[in-house]
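Consider how two chains meet in the model shown here.

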Amino acid sequence: MAVDYLDLFTLLAILVAGLILAFSFYRAIEFGRVLVAGTYKSRAEWTAIFLVAAVFLLLDSNGLVPYLSSVDYANTGFVLITVALPLFVNSNLRTAREADFFHRDALHWRSLWRATMIVVLCSVAISGVSIAYSPEVLAGTSSVWWANAGYPVSFFVLIIVSIYGGVSLTVAARRTQDQTMRKFVRMLGFALLGLFLYFTVWIPIDYFAPGVGDALSELGFVMAAYYLYRAVMSLSPLGKMEKLEKSTTLGSTAIVSEAST
Amino acid sequence: MVSTGVPSLDHILGDDGYPDRSSVLVVGPPGIGKEVLGYWFVRSGLIQGDYCLFTTHRPVSDILRDMKGVGISTERVPEWISSSGSTVRCDLKDATSISFNMKEAVHKNRDRRVRIATDILSPLLVLNPLESMYSYWSQLLSDFKQQDAVLFALAEDGMHPQNTLTTMEQLFDGVIEMKLYEDGLAITPLFRVKKMVGIPPLHGYFRFSVTSTGMEVVPHGR
(Lines give C-alpha, C1' and ligand atoms only; values in the text may rest on other atoms or scores of the structure.)
Protein backbone atom coordinates (compact mmCIF):
# COMPACT_ATOMS: atom_id res chain seq x y z
CA MET A 1 0.00 0.00 0.00
CA ALA A 2 1.49 3.35 -1.04
CA VAL A 3 1.78 6.01 1.62
CA ASP A 4 0.41 9.43 0.68
CA TYR A 5 3.16 11.60 2.13
CA LEU A 6 1.27 14.82 1.46
CA ASP A 7 -1.73 13.62 3.47
CA LEU A 8 0.58 12.41 6.23
CA PHE A 9 2.37 15.77 6.31
CA THR A 10 -0.97 17.62 6.43
CA LEU A 11 -2.25 15.43 9.26
CA LEU A 12 0.97 15.91 11.23
CA ALA A 13 0.82 19.68 10.78
CA ILE A 14 -2.82 19.77 11.93
CA LEU A 15 -1.89 17.67 14.95
CA VAL A 16 1.04 19.90 15.90
CA ALA A 17 -0.98 23.12 15.45
CA GLY A 18 -3.90 21.61 17.39
CA LEU A 19 -1.66 20.59 20.29
CA ILE A 20 -0.01 24.02 20.46
CA LEU A 21 -3.42 25.71 20.45
CA ALA A 22 -4.77 23.35 23.12
CA PHE A 23 -1.76 24.07 25.35
CA SER A 24 -2.10 27.80 24.71
CA PHE A 25 -5.76 27.54 25.73
CA TYR A 26 -4.71 25.87 28.99
CA ARG A 27 -2.15 28.57 29.68
CA ALA A 28 -4.68 31.33 28.97
CA ILE A 29 -7.11 29.72 31.43
CA GLU A 30 -4.30 29.55 34.01
CA PHE A 31 -3.56 33.25 33.54
CA GLY A 32 -7.27 33.99 33.91
CA ARG A 33 -7.26 32.04 37.17
CA VAL A 34 -4.30 33.81 38.78
CA LEU A 35 -4.69 37.37 37.54
CA VAL A 36 -6.69 39.50 39.94
CA ALA A 37 -7.62 42.74 38.15
CA GLY A 38 -10.93 42.27 36.33
CA THR A 39 -9.77 43.71 32.98
CA TYR A 40 -6.66 41.49 32.87
CA LYS A 41 -8.59 38.42 33.97
CA SER A 42 -11.25 38.97 31.32
CA ARG A 43 -8.55 39.53 28.69
CA ALA A 44 -7.02 36.13 29.50
CA GLU A 45 -10.46 34.50 29.36
CA TRP A 46 -11.33 36.07 25.99
CA THR A 47 -7.95 34.93 24.71
CA ALA A 48 -8.89 31.37 25.73
CA ILE A 49 -12.24 31.68 23.90
CA PHE A 50 -10.49 33.06 20.82
CA LEU A 51 -8.15 30.04 20.89
CA VAL A 52 -11.15 27.68 20.95
CA ALA A 53 -12.44 29.48 17.84
CA ALA A 54 -8.98 29.08 16.25
CA VAL A 55 -9.03 25.31 16.99
CA PHE A 56 -12.47 25.05 15.37
CA LEU A 57 -11.22 27.01 12.37
CA LEU A 58 -8.28 24.63 12.02
CA LEU A 59 -10.43 21.53 12.33
CA ASP A 60 -13.31 22.53 10.13
CA SER A 61 -11.16 24.05 7.39
CA ASN A 62 -9.77 20.53 7.14
CA GLY A 63 -13.23 18.98 7.16
CA LEU A 64 -13.00 17.63 10.70
CA VAL A 65 -16.00 19.46 12.20
CA PRO A 66 -19.63 18.94 11.14
CA TYR A 67 -20.91 21.91 9.13
CA LEU A 68 -23.75 24.01 10.43
CA SER A 69 -25.04 23.81 6.91
CA SER A 70 -23.69 22.16 3.83
CA VAL A 71 -21.60 25.16 2.87
CA ASP A 72 -18.07 26.27 3.63
CA TYR A 73 -18.68 29.83 4.75
CA ALA A 74 -21.39 28.93 7.24
CA ASN A 75 -19.23 26.43 9.08
CA THR A 76 -18.64 26.43 12.81
CA GLY A 77 -15.08 27.79 12.83
CA PHE A 78 -15.89 30.73 10.60
CA VAL A 79 -18.95 31.73 12.63
CA LEU A 80 -17.05 31.38 15.91
CA ILE A 81 -14.04 33.38 14.75
CA THR A 82 -16.28 36.13 13.31
CA VAL A 83 -17.96 36.61 16.69
CA ALA A 84 -14.96 35.88 18.94
CA LEU A 85 -12.47 38.14 17.14
CA PRO A 86 -14.07 41.52 17.97
CA LEU A 87 -14.68 40.43 21.57
CA PHE A 88 -11.07 39.30 21.88
CA VAL A 89 -9.79 42.56 20.38
CA ASN A 90 -12.10 44.55 22.65
CA SER A 91 -10.81 42.84 25.80
CA ASN A 92 -7.23 43.64 24.73
CA LEU A 93 -8.05 47.25 23.97
CA ARG A 94 -9.71 47.65 27.37
CA THR A 95 -6.52 46.33 28.96
CA ALA A 96 -4.29 48.57 26.84
CA ARG A 97 -6.48 51.55 27.76
CA GLU A 98 -6.09 50.72 31.43
CA ALA A 99 -2.33 50.28 31.07
CA ASP A 100 -2.09 53.65 29.30
CA PHE A 101 -1.62 56.26 32.03
CA PHE A 102 -3.83 58.71 30.15
CA HIS A 103 -6.51 56.10 29.38
CA ARG A 104 -6.82 57.14 25.76
CA ASP A 105 -9.38 55.52 23.45
CA ALA A 106 -7.46 54.19 20.45
CA LEU A 107 -9.20 55.17 17.20
CA HIS A 108 -12.54 55.61 19.05
CA TRP A 109 -12.80 51.84 19.51
CA ARG A 110 -14.45 52.27 22.90
CA SER A 111 -17.18 54.50 21.51
CA LEU A 112 -17.71 52.38 18.43
CA TRP A 113 -17.31 48.86 19.70
CA ARG A 114 -20.97 48.21 20.59
CA ALA A 115 -21.97 49.34 17.10
CA THR A 116 -19.18 47.12 15.71
CA MET A 117 -20.55 44.11 17.60
CA ILE A 118 -24.09 44.77 16.34
CA VAL A 119 -22.77 44.94 12.77
CA VAL A 120 -20.87 41.66 13.27
CA LEU A 121 -23.90 39.81 14.67
CA CYS A 122 -26.17 41.22 11.97
CA SER A 123 -23.71 40.19 9.26
CA VAL A 124 -23.58 36.61 10.60
CA ALA A 125 -27.39 36.53 10.72
CA ILE A 126 -27.76 37.96 7.20
CA SER A 127 -25.25 35.46 5.78
CA GLY A 128 -26.91 32.59 7.61
CA VAL A 129 -30.39 33.53 6.38
CA SER A 130 -29.12 34.05 2.81
CA ILE A 131 -27.47 30.65 2.68
CA ALA A 132 -30.36 28.86 4.38
CA TYR A 133 -32.86 30.46 1.98
CA SER A 134 -30.87 29.87 -1.17
CA PRO A 135 -27.86 27.50 -0.84
CA GLU A 136 -27.07 28.01 -4.54
CA VAL A 137 -25.56 31.42 -3.73
CA LEU A 138 -22.29 29.63 -3.05
CA ALA A 139 -22.12 28.32 -6.56
CA GLY A 140 -23.15 31.70 -7.85
CA THR A 141 -26.24 30.23 -9.47
CA SER A 142 -28.92 31.67 -7.22
CA SER A 143 -31.57 33.81 -8.80
CA VAL A 144 -32.46 35.47 -5.48
CA TRP A 145 -30.70 38.86 -5.64
CA TRP A 146 -30.71 39.63 -1.90
CA ALA A 147 -29.31 36.22 -1.04
CA ASN A 148 -26.45 36.81 -3.49
CA ALA A 149 -25.75 40.13 -1.78
CA GLY A 150 -26.18 38.81 1.76
CA TYR A 151 -23.86 35.82 1.57
CA PRO A 152 -20.48 37.59 1.46
CA VAL A 153 -21.48 40.20 4.08
CA SER A 154 -19.97 38.45 7.13
CA PHE A 155 -16.76 37.73 5.23
CA PHE A 156 -16.25 41.43 4.45
CA VAL A 157 -17.29 42.49 7.95
CA LEU A 158 -14.70 40.10 9.38
CA ILE A 159 -11.98 41.62 7.19
CA ILE A 160 -12.97 45.20 8.09
CA VAL A 161 -13.23 44.45 11.83
CA SER A 162 -9.87 42.62 11.72
CA ILE A 163 -8.16 45.60 10.10
CA TYR A 164 -9.85 48.16 12.39
CA GLY A 165 -9.15 46.05 15.50
CA GLY A 166 -5.58 45.32 14.44
CA VAL A 167 -4.74 48.98 13.81
CA SER A 168 -6.45 50.12 17.05
CA LEU A 169 -4.57 47.48 19.01
CA THR A 170 -1.26 48.55 17.49
CA VAL A 171 -1.95 52.21 18.30
CA ALA A 172 -2.97 51.33 21.87
CA ALA A 173 0.09 49.11 22.39
CA ARG A 174 2.42 51.85 21.18
CA ARG A 175 0.87 54.27 23.67
CA THR A 176 1.37 52.04 26.70
CA GLN A 177 4.68 51.58 28.48
CA ASP A 178 3.81 47.96 29.26
CA GLN A 179 6.44 45.89 27.46
CA THR A 180 4.42 42.67 27.74
CA MET A 181 1.45 44.32 26.01
CA ARG A 182 3.72 45.43 23.17
CA LYS A 183 5.16 41.93 22.89
CA PHE A 184 1.64 40.46 22.94
CA VAL A 185 0.55 42.62 20.00
CA ARG A 186 3.76 41.84 18.10
CA MET A 187 3.15 38.11 18.55
CA LEU A 188 -0.47 38.51 17.39
CA GLY A 189 0.86 40.24 14.27
CA PHE A 190 3.08 37.23 13.50
CA ALA A 191 0.13 34.88 14.15
CA LEU A 192 -1.96 36.92 11.69
CA LEU A 193 0.83 36.62 9.13
CA GLY A 194 0.76 32.84 9.66
CA LEU A 195 -3.00 32.77 9.07
CA PHE A 196 -2.57 34.91 5.95
CA LEU A 197 -0.04 32.39 4.61
CA TYR A 198 -2.39 29.55 5.53
CA PHE A 199 -5.18 31.09 3.47
CA THR A 200 -3.08 32.20 0.49
CA VAL A 201 0.13 30.18 0.03
CA TRP A 202 -1.64 27.18 -1.55
CA ILE A 203 -3.02 29.23 -4.44
CA PRO A 204 0.21 29.82 -6.41
CA ILE A 205 1.88 26.53 -5.39
CA ASP A 206 -1.10 24.37 -6.27
CA TYR A 207 -1.11 25.94 -9.70
CA PHE A 208 2.27 24.32 -10.45
CA ALA A 209 2.14 21.27 -8.16
CA PRO A 210 -1.43 20.25 -7.31
CA GLY A 211 -1.82 19.10 -3.70
CA VAL A 212 1.56 20.39 -2.52
CA GLY A 213 0.33 23.92 -1.78
CA ASP A 214 -2.50 22.61 0.35
CA ALA A 215 -0.07 20.62 2.48
CA LEU A 216 2.46 23.44 2.77
CA SER A 217 -0.20 25.97 3.74
CA GLU A 218 -0.71 23.96 6.94
CA LEU A 219 2.71 25.22 8.02
CA GLY A 220 1.13 28.68 8.04
CA PHE A 221 -1.32 27.46 10.65
CA VAL A 222 1.48 25.88 12.70
CA MET A 223 3.25 29.26 12.58
CA ALA A 224 0.01 31.03 13.64
CA ALA A 225 -0.49 28.56 16.50
CA TYR A 226 3.10 28.99 17.71
CA TYR A 227 2.86 32.78 17.76
CA LEU A 228 -0.55 32.62 19.46
CA TYR A 229 1.17 30.56 22.16
CA ARG A 230 3.91 33.20 22.45
CA ALA A 231 1.17 35.86 22.66
CA VAL A 232 -0.55 33.95 25.48
CA MET A 233 2.76 33.71 27.34
CA SER A 234 3.01 37.50 27.05
CA LEU A 235 -0.25 38.08 28.95
CA SER A 236 1.91 38.79 32.00
CA PRO A 237 5.64 38.47 32.77
CA LEU A 238 6.46 34.98 34.03
CA GLY A 239 9.37 33.84 36.16
CA LYS A 240 10.64 30.26 36.29
CA MET A 241 9.94 28.39 39.50
CA GLU A 242 12.99 26.11 39.03
CA LYS A 243 15.31 29.13 38.81
CA LEU A 244 13.64 30.70 41.82
CA GLU A 245 13.97 27.54 43.92
CA LYS A 246 17.57 27.10 42.83
CA SER A 247 18.42 30.68 43.81
CA THR A 248 16.50 30.34 47.11
CA THR A 249 18.39 27.13 47.90
CA LEU A 250 21.68 28.75 46.99
CA GLY A 251 20.74 31.73 49.14
CA SER A 252 19.98 29.48 52.11
CA THR A 253 23.22 27.56 51.58
CA ALA A 254 25.13 30.82 51.51
CA ILE A 255 23.45 31.91 54.74
CA VAL A 256 24.19 28.56 56.42
CA SER A 257 27.87 28.57 55.33
CA GLU A 258 28.21 32.19 56.43
CA ALA A 259 26.82 31.26 59.84
CA SER A 260 29.10 28.21 60.19
CA THR A 261 32.23 30.25 59.46
CA MET B 1 2.00 49.69 63.66
CA VAL B 2 -0.62 49.97 60.94
CA SER B 3 -2.67 46.98 59.86
CA THR B 4 -2.32 45.99 56.21
CA GLY B 5 -6.00 45.00 56.15
CA VAL B 6 -4.95 41.43 55.32
CA PRO B 7 -4.68 39.39 58.57
CA SER B 8 -2.34 36.76 57.10
CA LEU B 9 0.01 39.50 55.86
CA ASP B 10 -0.12 41.24 59.25
CA HIS B 11 0.92 37.91 60.75
CA ILE B 12 3.88 37.62 58.36
CA LEU B 13 4.95 41.15 59.25
CA GLY B 14 5.07 40.32 62.95
CA ASP B 15 1.34 40.41 63.77
CA ASP B 16 1.11 44.18 63.44
CA GLY B 17 1.35 45.21 59.83
CA TYR B 18 3.33 48.06 58.32
CA PRO B 19 5.55 50.12 60.66
CA ASP B 20 4.35 53.54 61.81
CA ARG B 21 5.47 56.53 59.77
CA SER B 22 6.71 54.30 57.01
CA SER B 23 6.50 54.14 53.25
CA VAL B 24 5.85 50.84 51.50
CA LEU B 25 6.37 50.14 47.82
CA VAL B 26 4.65 47.22 46.10
CA VAL B 27 6.19 46.21 42.77
CA GLY B 28 4.53 43.82 40.35
CA PRO B 29 3.25 43.39 36.79
CA PRO B 30 -0.11 44.90 35.82
CA GLY B 31 -3.15 42.90 36.86
CA ILE B 32 -1.43 40.74 39.49
CA GLY B 33 -3.28 42.26 42.45
CA LYS B 34 -1.06 45.03 43.82
CA GLU B 35 -4.05 47.36 43.89
CA VAL B 36 -5.98 44.89 46.05
CA LEU B 37 -3.34 45.23 48.77
CA GLY B 38 -3.87 48.99 48.54
CA TYR B 39 -7.67 48.65 48.72
CA TRP B 40 -7.46 46.49 51.86
CA PHE B 41 -4.96 48.91 53.40
CA VAL B 42 -7.35 51.83 52.85
CA ARG B 43 -10.41 49.83 53.88
CA SER B 44 -8.72 48.86 57.16
CA GLY B 45 -7.88 52.53 57.80
CA LEU B 46 -11.45 53.65 57.15
CA ILE B 47 -12.75 51.09 59.64
CA GLN B 48 -10.25 52.25 62.27
CA GLY B 49 -11.15 55.91 61.75
CA ASP B 50 -7.88 56.92 60.08
CA TYR B 51 -7.82 59.64 57.47
CA CYS B 52 -7.36 57.89 54.13
CA LEU B 53 -6.26 59.52 50.89
CA PHE B 54 -6.23 57.72 47.55
CA THR B 55 -4.18 59.41 44.82
CA THR B 56 -4.68 57.77 41.47
CA HIS B 57 -4.32 58.35 37.75
CA ARG B 58 -7.50 56.33 37.21
CA PRO B 59 -11.11 57.55 37.45
CA VAL B 60 -12.79 57.04 40.84
CA SER B 61 -15.52 54.94 39.18
CA ASP B 62 -12.89 52.42 37.99
CA ILE B 63 -11.42 52.07 41.47
CA LEU B 64 -14.85 51.62 43.07
CA ARG B 65 -15.75 48.98 40.47
CA ASP B 66 -12.49 47.12 41.18
CA MET B 67 -13.05 47.33 44.94
CA LYS B 68 -16.52 45.83 44.56
CA GLY B 69 -15.05 43.19 42.26
CA VAL B 70 -12.80 41.89 45.03
CA GLY B 71 -15.53 42.01 47.65
CA ILE B 72 -14.57 45.28 49.36
CA SER B 73 -17.54 47.32 50.54
CA THR B 74 -17.63 50.88 49.19
CA GLU B 75 -19.96 52.29 51.84
CA ARG B 76 -17.03 54.21 53.28
CA VAL B 77 -14.64 55.72 50.78
CA PRO B 78 -11.36 57.56 51.14
CA GLU B 79 -10.71 61.11 49.96
CA TRP B 80 -9.70 61.09 46.33
CA ILE B 81 -7.18 62.86 44.16
CA SER B 82 -7.92 61.26 40.81
CA SER B 83 -8.07 61.83 37.07
CA SER B 84 -11.87 62.17 37.23
CA GLY B 85 -14.69 61.83 39.73
CA SER B 86 -13.01 63.80 42.52
CA THR B 87 -13.00 67.43 43.60
CA VAL B 88 -9.20 67.55 43.51
CA ARG B 89 -7.87 66.46 40.14
CA CYS B 90 -4.76 64.39 39.53
CA ASP B 91 -2.96 65.83 36.52
CA LEU B 92 0.02 63.62 35.72
CA LYS B 93 1.62 66.39 33.68
CA ASP B 94 1.75 68.57 36.78
CA ALA B 95 3.67 66.61 39.42
CA THR B 96 4.10 69.71 41.59
CA SER B 97 0.36 70.24 42.00
CA ILE B 98 -0.11 66.56 42.88
CA SER B 99 2.44 66.74 45.68
CA PHE B 100 1.02 70.09 46.84
CA ASN B 101 -2.53 68.69 47.01
CA MET B 102 -1.38 65.53 48.80
CA LYS B 103 0.63 67.49 51.38
CA GLU B 104 -2.24 69.91 51.92
CA ALA B 105 -4.73 67.08 52.51
CA VAL B 106 -2.35 65.41 54.96
CA HIS B 107 -1.56 68.67 56.82
CA LYS B 108 -5.27 69.37 57.27
CA ASN B 109 -5.57 66.06 59.12
CA ARG B 110 -2.43 66.29 61.24
CA ASP B 111 -4.38 65.33 64.38
CA ARG B 112 -5.30 61.92 62.96
CA ARG B 113 -3.38 58.96 61.72
CA VAL B 114 -3.09 59.17 57.95
CA ARG B 115 -2.99 56.46 55.29
CA ILE B 116 -2.09 57.33 51.73
CA ALA B 117 -2.39 54.90 48.85
CA THR B 118 -1.16 55.87 45.41
CA ASP B 119 -0.52 54.46 41.96
CA ILE B 120 1.06 57.57 40.44
CA LEU B 121 4.68 56.53 40.94
CA SER B 122 4.97 54.62 37.67
CA PRO B 123 3.33 57.26 35.44
CA LEU B 124 5.43 60.01 36.99
CA LEU B 125 8.58 57.93 36.47
CA VAL B 126 7.68 57.47 32.83
CA LEU B 127 6.91 61.14 32.27
CA ASN B 128 9.83 62.66 34.19
CA PRO B 129 13.59 62.10 34.48
CA LEU B 130 14.67 59.67 37.19
CA GLU B 131 16.85 62.25 38.96
CA SER B 132 13.99 64.71 39.43
CA MET B 133 11.62 61.95 40.51
CA TYR B 134 14.14 60.70 43.05
CA SER B 135 14.27 64.07 44.78
CA TYR B 136 10.49 64.57 44.30
CA TRP B 137 9.63 61.33 46.12
CA SER B 138 12.42 61.75 48.62
CA GLN B 139 10.97 65.12 49.65
CA LEU B 140 7.38 63.87 49.63
CA LEU B 141 8.19 60.87 51.82
CA SER B 142 10.20 62.88 54.32
CA ASP B 143 7.33 65.39 54.55
CA PHE B 144 4.83 62.63 55.33
CA LYS B 145 7.18 61.17 57.93
CA GLN B 146 6.88 64.40 59.92
CA GLN B 147 3.33 63.29 60.65
CA ASP B 148 1.67 60.07 61.70
CA ALA B 149 1.33 58.88 58.11
CA VAL B 150 1.92 55.64 56.23
CA LEU B 151 2.30 55.79 52.47
CA PHE B 152 1.53 52.81 50.27
CA ALA B 153 2.72 53.14 46.68
CA LEU B 154 2.43 50.85 43.67
CA ALA B 155 4.99 50.46 40.88
CA GLU B 156 4.43 48.62 37.63
CA ASP B 157 6.98 45.96 36.78
CA GLY B 158 7.86 45.76 33.08
CA MET B 159 7.37 49.46 32.44
CA HIS B 160 10.69 50.81 33.70
CA PRO B 161 14.35 49.85 33.33
CA GLN B 162 15.41 47.68 36.27
CA ASN B 163 17.81 50.33 37.62
CA THR B 164 14.93 52.83 37.84
CA LEU B 165 12.94 50.58 40.14
CA THR B 166 16.01 49.63 42.16
CA THR B 167 16.78 53.31 42.68
CA MET B 168 13.24 54.08 43.80
CA GLU B 169 13.18 51.06 46.12
CA GLN B 170 16.01 52.64 48.12
CA LEU B 171 13.70 55.50 49.11
CA PHE B 172 11.07 53.29 50.68
CA ASP B 173 11.11 51.69 54.13
CA GLY B 174 9.43 48.55 52.87
CA VAL B 175 9.38 46.82 49.48
CA ILE B 176 7.06 43.98 48.53
CA GLU B 177 7.53 42.23 45.20
CA MET B 178 4.71 40.32 43.48
CA LYS B 179 5.27 38.07 40.48
CA LEU B 180 3.83 35.12 38.55
CA TYR B 181 5.92 31.97 38.27
CA GLU B 182 5.71 29.11 35.80
CA ASP B 183 5.47 26.03 38.02
CA GLY B 184 5.42 23.04 35.66
CA LEU B 185 2.09 23.32 33.89
CA ALA B 186 0.57 25.63 36.47
CA ILE B 187 1.12 29.33 37.12
CA THR B 188 1.67 30.40 40.72
CA PRO B 189 1.43 33.95 42.05
CA LEU B 190 4.11 34.63 44.68
CA PHE B 191 5.31 37.58 46.65
CA ARG B 192 8.22 38.32 48.89
CA VAL B 193 9.05 41.03 51.36
CA LYS B 194 12.32 42.39 49.98
CA LYS B 195 12.74 44.68 52.96
CA MET B 196 10.68 46.12 55.79
CA VAL B 197 12.09 48.51 58.32
CA GLY B 198 11.72 47.42 61.93
CA ILE B 199 11.34 43.71 61.34
CA PRO B 200 13.99 41.01 60.82
CA PRO B 201 14.68 40.10 57.15
CA LEU B 202 12.05 37.73 55.79
CA HIS B 203 13.54 34.99 53.63
CA GLY B 204 11.36 33.01 51.31
CA TYR B 205 8.31 33.49 49.19
CA PHE B 206 4.60 33.51 49.90
CA ARG B 207 1.69 32.35 47.80
CA PHE B 208 -1.26 34.66 47.67
CA SER B 209 -4.81 34.36 46.46
CA VAL B 210 -7.63 36.86 46.23
CA THR B 211 -11.20 35.77 46.82
CA SER B 212 -14.43 37.67 47.29
CA THR B 213 -13.95 37.42 51.04
CA GLY B 214 -10.41 38.72 51.21
CA MET B 215 -6.80 38.02 50.48
CA GLU B 216 -4.94 34.99 51.76
CA VAL B 217 -1.17 34.78 52.07
CA VAL B 218 0.61 31.52 52.95
CA PRO B 219 4.30 30.56 52.96
CA HIS B 220 5.40 28.90 49.75
CA GLY B 221 7.31 25.69 50.13
CA ARG B 222 7.43 22.14 48.98
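The paragraphs below go from the contact between the chains to the strands behind it, and then to the nonpolar core.

The model is predicted. The contact takes 22 residues from chain A and 27 residues from chain B. On the chain B side, the elements that give two or more residues are α2 (34-48), α3 (60-69), α5 (121-127), β7 (174-183) and β8 (186-196) of chain B. Of these, β7(B) supplies the largest share, five residues. By residue class, the side of chain B that touches chain A has 14 nonpolar, seven polar and six charged residues.

Strand β7(B) also pairs across the contact. Strand β1 (residues 238-240) of chain A runs parallel to β7(B) and is joined to it by three bridges. Within this pairing, G239(A) stands opposite Y181(B).

In chain B, β7(B) pairs with β8(B) in the antiparallel sense over ten bridges, with M178(B) opposite F191(B). The two strands form a hairpin with two residues between them, and G184(B) in the turn has a positive phi of about 65 degrees. Strand β8(B) is paired in turn with β9 (residues 206-211) of chain B, antiparallel and over two bridges. Here F191(B) stands opposite F206(B) in β9(B).

The largest nonpolar core has 119 residues, and those with the most contacts inside it are L228(A), L25(B), L53(B) and I116(B). Helix α2 (residues 38-61) of chain A gives the most to this core, eleven residues. Beyond its neighbours within four places in sequence, L53(B) is in contact with residues including M102(B), A105(B), V106(B), V114(B) and I116(B).

Notes
Residues numbered from 1 in each chain as written. Chains lettered and ligands numbered in written order. Predicted model: local features only at pLDDT ≥ 70, side-chain atom pairs only at ≥ 80, totals over all residues. Core = buried A, V, L, I, M, F, W, Y, C linked by C-beta atoms within 7 Å. Buried ≥ 20, exposed ≤ 12 C-beta atoms within 10 Å, placed from the backbone. Helix = DSSP H or I, 4+ residues; strand = E, 2+ residues; numbered from the N terminus. Contact = placed C-beta atoms within 7 Å. Nonpolar A, V, L, I, M, F, W, Y, C, P; charged D, E, K, R; others polar. Pairing = 2+ DSSP bridges.
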